[in-house]
Amino acid sequence: MPVEILMPALSPTMEKGNLAKWLKKEGDKVAPGDVIAEIETDKATMEVEAIDEGTLAKILVPEGTADVPVNQLIAVLATEGEDVQAVAAGGGAAPAKAEAPKEAPKAEAAPAEPAKAEAPKAESVPAAAAPAASAPAAASGERVFASPLARRLAKEKGVDLSGVKGSGPHGRVVAADVEAAPAGGAAKAAAPAAAKPAPAAAAPAAAPVSNSALLEQVKAYYEPGTYEEIPLDGMRRVIAQRMAEARQTVPTFYLTVDCDVDALLKLREELNKAAPEKDGKAAYKLSVNDFIIKAYALAFQQVPDANQVWGGDRYLKLKHSDIGVAVAIDGGKGLLTPIIRKAETKTLSAISNETRELATRARNKKLAPAEYQGGSSAISNLGMFGIKDFTAIINPPHATILAVGASEQRAVVKKGELAVATVMTVTISCDHRVMDGAMGAQLIGAFKQIIEKPMSMLV
Amino acid sequence: MANNYDVLFIGSGPGGYVGAIRAAQLGLKVGVIERTHIGGICPNWGCIPAKALLRSAEIFHYIEHAKDYGLVAEKFGVDIAGVVKRSRGIAAQMSNGVGFLLKKNKVDVIWGQASLTAPGKVTVAPVAEPAPKGALTPGDYTAKNIVIATGARPRALPGIEPDKKLIWTYFEALAPASVPKSLLIMGSGAIGVEFATFYKTMGSDVTIVELLPQILPVEDAEIAGHARKRFEKQGIKILTGAKVSKVVKGADNVTATVETSDGKVQTLTADRLISAVGVVGNIENLGLEALGVKTDRGCVVVDGLCRTNVPGVWAIGDVAGPPMLAHKAEHEGVIAAEAIAGKHAHAMDKLMIPGCTYCMPQIASVGLTEAKAKEAGFELKVGRFPFIGNGKAVALGEPDGLVKTIFDAKTGRLLGAHLVGAEVTELIQGFVLAMNLETTEEELINAVFPHPTVSETMHESVLSAYGRAIHM
């Protein structure tokens with residue numbers, strides 16, 4: 001059976017789109033997941049992936065055709081054993097209403113322009129996260145057809161039906177599909193895969209494992225009585241799910257720089273000494289971290305294009321530098337990231353006091369969601385533990401996160417001579433969907449400059 | 001080449017003829033090889049003529065009970081020749097219908113006894129049975145795909161082999177010259193109890209002997225128990241856990257030695273004995289051994305798409321294993337045809353194949369019995385609703401009946417439905433659809449069932465499973 005490839009809908013409201021580009025030619029072999037074409041609307045560009053294996057027998061809508069109606073036949077795929085010529089001939093006879101190709105705005109592979117002002121929020125499902133064309137309905141937020149039993153099982157199991165490929169008639173999701181689907185996404189995160197080399201009997205990574213099946217599998221590796229079973233609390237569950245998702249779906253690159261912080265430490269000391277007294281206590285006591293927050297906030301203002309978050313089929317370019325500060329809760333029981341809003345506008349002392357106050361409430365789990373949701377980026381500082389340098393996992397929708405190591409005296413070369421300097425190594429993790437290496441370098445470069453010339457933070 | 005086909009079906013029963021029509025619809029060149037009667041057992045010597053006989057029995061039963069309905073019926077009786085004639089006429093009509101459908105779909109009928117000589121090669125030998133008009137003659141035929149659809153035949157127990165005179169199978173029982181005064185029936189499956197109902201109504205003194213502790217062994221125990229009480233009330237004698245160990249034939253009767261599980265031995269004499277102890281697949285003389293086609297306990301071994309272990313050789317219907325039901329064969333015919341045509345055929349879920357038995361009262365079921373569901377480890381919610389609580393059933397004069405529904409308590413999945421009572425064979429499809437669509441109790445509860453109908457008992461049974469039946 002030749003496979004018909006139809007014009008996908010990028011959003012529930014999309015009626016037509018432009019066929020920007022064919023990435024495969026007639027006669028090319030395609031495998032499931034191969035990107036075969038690019039479709040664009042005025043809002044977004046999306047890749048069309050092959051669902052089936054076969055040979056692209058016939059392209060019915062040429063590249064550059066504008067206003068192709070959703071669900072129009074755009075190409076025909078010959079599956080294994082089928083005569084490509086015959087399929088192509090048959091496909092050509094199909095009622096493809098390809099109008100005279102009009103010149104469509106070139107899409108190319110370049111990411112779409114930054115979201116227009118009227119694009120309000122990131123309501124679309126991340127298109128790149130969901131395999132695009134393999135579930136066009138799901139990617140576009142349309143109704144998912146599923147049997148009542150499948151819906152109920154999904155609810156109980158915490159499976160998102162939009163991510164389940166249906167095996168029933170017309171792609172309907174049936175109970176067996178849900179049973180085969182991994183629960184939530186938490187399952188993979190919970191697997192201590194790295195803790196021990198998996199025995200050969202372990203299921204192949206691709207095979208979906210249900211939570212309980214996974215648990216049984218993991219428990220089988222350890223002698224009963226040699227461990228304690230600790231159920232996940234809500235926070236750990238969310239961390240597991242979000243971090244696993246970020247690690248799997250965000251294409252991340254890392255940039256590391258060393259910052260000379262001697263000037264900063266000196267300034268800090270002077271400022272803290274000069275702190276006025278209030279009720280018998282110093283009005284502020286600045287930490288190195290407070291400087292880092294301020295410097296990071298200013299860096300975003302200097303490189304405003306980096307102040308963006310990922311919204312699926314567009315970015316949100318933020319005006320202010322809202323900087324999240326990772327706070328560990330009760331010695332490893334969890335993590336919260338309260339946000340210092342508009343940090344670029346706040347003085348170091350204001351940042352310092354606000355950070356301390358938020359961190360205290362975070363440890364007591366007294367933060368309101370609005371105090372830790374959103375933001376431009378986040379800072380994870382493990383310097384106080386003596387960690388020299390590390391990389392942090394981006395907390396979506398952020399496109400960046402700054403990992404800060406310890407400030408320590410190191411031998412450095414200054415003007416051709418060996419010298420001792422206090423150096424802090426920082427590493428920024430960047431979402432390549434949002435920014436490229438040069439922009440990341442600009443951002444961390446700006447940060448380094450501000451940190452090393454800390455007086456700029458005072459003006 | 002004229003003798004070359006895309007697919008050849010060996011046997012024109014419900015599996016073969018339906019598969020052939022489907023294959024023809026998909027543009028394949030199709031032939032059907034038949035040696036006895038177009039349409040196979042079902043329309044000729046099975047489902048259809050049996051239903052015709054039972055309809056006569058049912059009407060006779062109503063006339064007998066005319067008084068219950070305020071009617072007066074005098075001077076009525078059984079003309080068994082007339083009853084059989086009507087049944088045979090209907091069988092012929094259905095068989096002709098199948099022939100017409102095959103012709104309409106340009107399916108060739110090849111007349112004779114088929115055997116596979118090599119992969120893709122079939123030799124058809126002449127048979128005594130006269131060929132229908134337009135049938136192709138015996139000879140060598142080739143086909144890319146060969147589908148074994150040869151059906152099954154009555155199982156014969158050693159020492160109790162059917163002789164067509166005193167020991168009958170369904171063939172003789174479907175066309176009796178007279179109504180035997182007394183009748184012994186071995187086996188209480190669908191065939192056994194249907195003949196028990198027919199002959200009891202026609203005036204025979206009927207005794208059923210069943211080896212297992214329960215009559216209708218595949219049905220839910222509660223439903224079978226309900227049916228048993230009704231049968232016994234009608235005067236049918238039933239021995240369960242009982243084995244016919246010996247049969248001595250007299251001049252015009254048989255004497256059977258029956259051993260019961262409690263060790264008692266008794267002898268029963270009856271005019272005729274019907275052997276209804278199951279059927280066995282027709283796997284012989286087809287050349288299957290030489291081709292290396294795998295068989296198991298009298299049936300061809302197939303996968304979900306009806307493929308045997310030999311490429312290009314397929315098997316469907318009774319010969320491909322239980323449940324041996326016409327609708328299962330039809331469905332497999334379609335699956336095989338679509339798989340052969342390269343369509344995305346889906347394997348059938350055998351759990352969702354319904355079964356219907358046309359005794360009085362009728363029995364219909366789908367899915368797991370309560371015992372099987374428990375055995376499978378489900379935690380159950382079981383609903384029951386008796387016909388006495390249904391206005392339409394009472395108005396019909398059929399207040400004896402029960403609808404039992406079995407749900408998985410955890411998910412609300414409908415695991416099984418078991419019905420006994422008037423016309424339940426026409427009701428079961430509602431539950432079959434529900435199971436196939438994977439509905440939960442919620443959709444069934446939310447559906448509106450028309451009033452006044454017997455189908456309201458289905459709704460009430462579901463409600464009862466969740467503790468909310470209204471008319472009970």
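Start with strand E3 of chain A. One pairing to look at: Val30(A) has Gly54(A) in E6(A) as its bridge partner. Keep in mind that this is a predicted model.

Now the sheet around that pair. E3(A) and E6(A) belong to an open sheet of 4 strands, in the order E1-E8-E6-E3, with antiparallel pairing. Which strands stand at the edges? Strand E1, residues 3-6, and strand E3, residues 29-30, both of chain A. Each has a single partner strand, so one side of each has no neighbour in the sheet.

Step back to the whole chain. Chain A has 12 helices and 20 strands. It holds 459 residues, and 35% of them are buried. Take the contacts with a separation of 6 or more: 66% are between residues 24 or more positions apart.

Next, a helix pair. Helix H9(A) spans residues 288-302, and helix H12(A) spans residues 437-452. Their axes come within 8 Å and cross at roughly 130 degrees. That angle is therefore classed as oblique. The crossing of H9(A) past H12(A) is right-handed. Who makes the contact? On the H9(A) side, the residues include Phe291(A), Tyr296(A) and Leu298(A). On the H12(A) side, they include Leu443(A), Phe447(A) and Ile450(A).

Last, an annotated stretch. An unreviewed UniProt entry lists residues 145-182 of chain A as "domain: Peripheral subunit-binding (PSBD)". In the model, that stretch is 42% helix and 0% strand. Its end C-alpha atoms are 19 Å apart.

Methods. Residues numbered from 1 in each chain as written. Chains lettered and ligands numbered in written order. Predicted model: local features only at pLDDT ≥ 70, side-chain atom pairs only at ≥ 80, totals over all residues. UniProt positions renumbered as here; feature names shortened; annotations may be inferred. Helix = DSSP H or I, 4+ residues; strand = E, 2+ residues; numbered from the N terminus. Buried ≥ 20, exposed ≤ 12 C-beta atoms within 10 Å, placed from the backbone. Contact = placed C-beta atoms within 7 Å. Pairing = 2+ DSSP bridges. Axes fitted to C-alpha atoms, helices over the stretch in contact; angles between N-to-C directions. Parallel < 35°, antiparallel > 145°, perpendicular 65-115°, else oblique. Left-handed = near helix turned anticlockwise from the far one by under 90°.
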